[in-house]
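I want to look up how some of the pieces sit against each other.

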Amino acid sequence: MEDRPNAESPSTSTDPSTAPAVAAVPELSVKARLRSIFGGSVGNLIEWYDFYVYSAFSLYFAKAFFPDADPLVEQLNTAAVFALGFLIRPVGGWLMGLYADLRGRRSALTLSVSLMCFGSFVIAVCPTYPTIGVAAPVVLLLARLLQGLSLGGEYGTSATYLSEVASSKHRGFYSSFQYVTLIMGQLLATLTLLVLQRLILTPAQLSAWGWRIPFVIGALLAIFGFYMRRNMVETEAFRAEAEKHARRRPMRDLLRHPREIAIVVGLTLGGTLAFYTYTVYMQKFLVHSVGLTRDEATLVSASSLFLYMLLQPVFGLISDRVGRKPVLMWFGVMGTLCTVPLLTAMTQARDALTAFLLLMAALLILSGYTSVNAVVKAELFPARIRALGVGLPYALTVSIFGGTAEYVGMWLKLAGRERWFFWYVSLAILCSLVVYMLMRDTRKHSQINADTDAAPLVP
């Protein structure tokens, strides 16, 4: 824990007895805090909408970039590009984390939404394979890599911003809105597909050119997000660090926290694999493994995502009452025991309602991870390396396990070993459960409380 240095010495004091007292600061009003949460969240929604539109509409544009006689092979190719978009996320987590810790949370969040906007625009106007040949999937891949770079930096910085804005008593509740907006972005992508499917375009029109519409919408929304984030306020925790004028080497400092890095990796491993299994991969799973129509799969995905979104602040509020660890343990224990039975039962479902109920059971379990994982990671690190500490190890883990979930699932299905994927997800959750059992409850041992806790924001 660091105290603010006195005027004579710019060095960081580690002795509380010699450090000057930090003046008490008034808390933000509920209205001001909610306005800050909205400012930090709306860009997150837009970025995740842009990223998930690719997965939601890949059923329609796969042939435009990867022509093949087998629809499953087409989907496997688009899933591979989706996974490659995750491989660059650690680079984004590293660059944006450094930028956020050195230049500010607001600046990093503004930059990330700008990159996402450009990537969406490129996909929207990209010529298809019949027009430019192999250059089409290459351009698609480059655009996805740019979006992956953006999203790699988004998570750690937005988690840091929302956690620093929130008061200690309600930090779990407020920070849960990161996943509310994340899921809302995914839901918006699914609803866009649903509207185009049911009300506006025919399947032939969607496959021919209609799939470009959501990418155009995403680029326009990202422009709105850019202006919203330019007008955001910076957190007091970052400003207090910047005012110390100490020489900072974030990467070197981060490496002095190997235990915290390992916790982030272990905490994320099972949760991210389960999350991408039950959200991103689920629509294709419902079509290819359960046997629902595309329209039915979209409806099941949209309705379940809406309810899942509402669960996040509920679980976040629970974590403010009982602690982060019990909520994570709920996910770890139930996820380990129930993943294989739930996914197996889905493959045997004969109607959309049964599939929906089973999916909601899985998402209820998963909420124990998604609602609190961002705040837990932010509470592990001091302000000077918080965005980097949250973003980099998280992005590395997601790129390996989350980004490949769809590809691994479809590859094992193509190989006739789909049930192996169910056990793979369950084993990953078990690994995370071990971490949950061994770690301390960050609600009681929070590094954010070592900063100016619940400090006011400055323009």
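This is a predicted model: local features need pLDDT of at least 70, side-chain atom pairs count only at pLDDT 80 or more; totals for chains, interfaces and linings use all residues.

How close do the axes of helix H14 and helix H16 come, and at what angle do they cross? I looked it up: the axes of H14 (residues 282-290) and H16 (residues 324-347) come within 9 Å and cross at roughly 55°. Axes here are lines fitted to C-alpha atoms, for helices over the stretch in contact, and angles run from 0 to 180 degrees between N-to-C directions. H14 and H16 are therefore oblique to each other; under 35 degrees would count as roughly parallel, over 145 as roughly antiparallel, 65 to 115 as roughly perpendicular, and the rest is oblique.

Residues are numbered from 1 along each chain as its sequence is written, and side-chain values use heavy atoms, with hydrogens and water left out.

Next I checked who touches whom. From H14, Met-282, Phe-285, Ser-289 and Val-290 meet Leu-343, Met-346 and Thr-347 of H16 (contact means heavy atoms within 4.5 Å). I sorted the residues of this H14 and H16 contact into five nonpolar, two polar and no charged. The classes go like this: Ala, Val, Leu, Ile, Met, Phe, Trp, Tyr, Cys and Pro are nonpolar, Asp, Glu, Lys and Arg are charged, and the others, Gly among them, are polar.

The axes of H8 (residues 177-200) and H15 (residues 294-322) come within 9 Å and cross at roughly 160°. That makes H8 roughly antiparallel to H15. Their contact has 16 nonpolar, six polar and four charged residues.

The protein chain has 21 helices and zero strands; both are DSSP runs numbered from the N terminus, helices being H or I with at least four residues and strands E with at least two. Of its 459 residues, 60% count as buried (buried is under 20% relative accessible area, exposed over 50%, partly exposed in between, with a 1.4 Å probe and protein chains only).

One residue I clicked on was Thr-110, which sits in helix H4 (residues 105-125). Is Thr-110 buried or exposed? Thr-110 is buried, at a relative accessible area of 10%. Leaving aside neighbours within four places in sequence, Thr-110 is in contact with Phe-226, Arg-229 and Arg-230.
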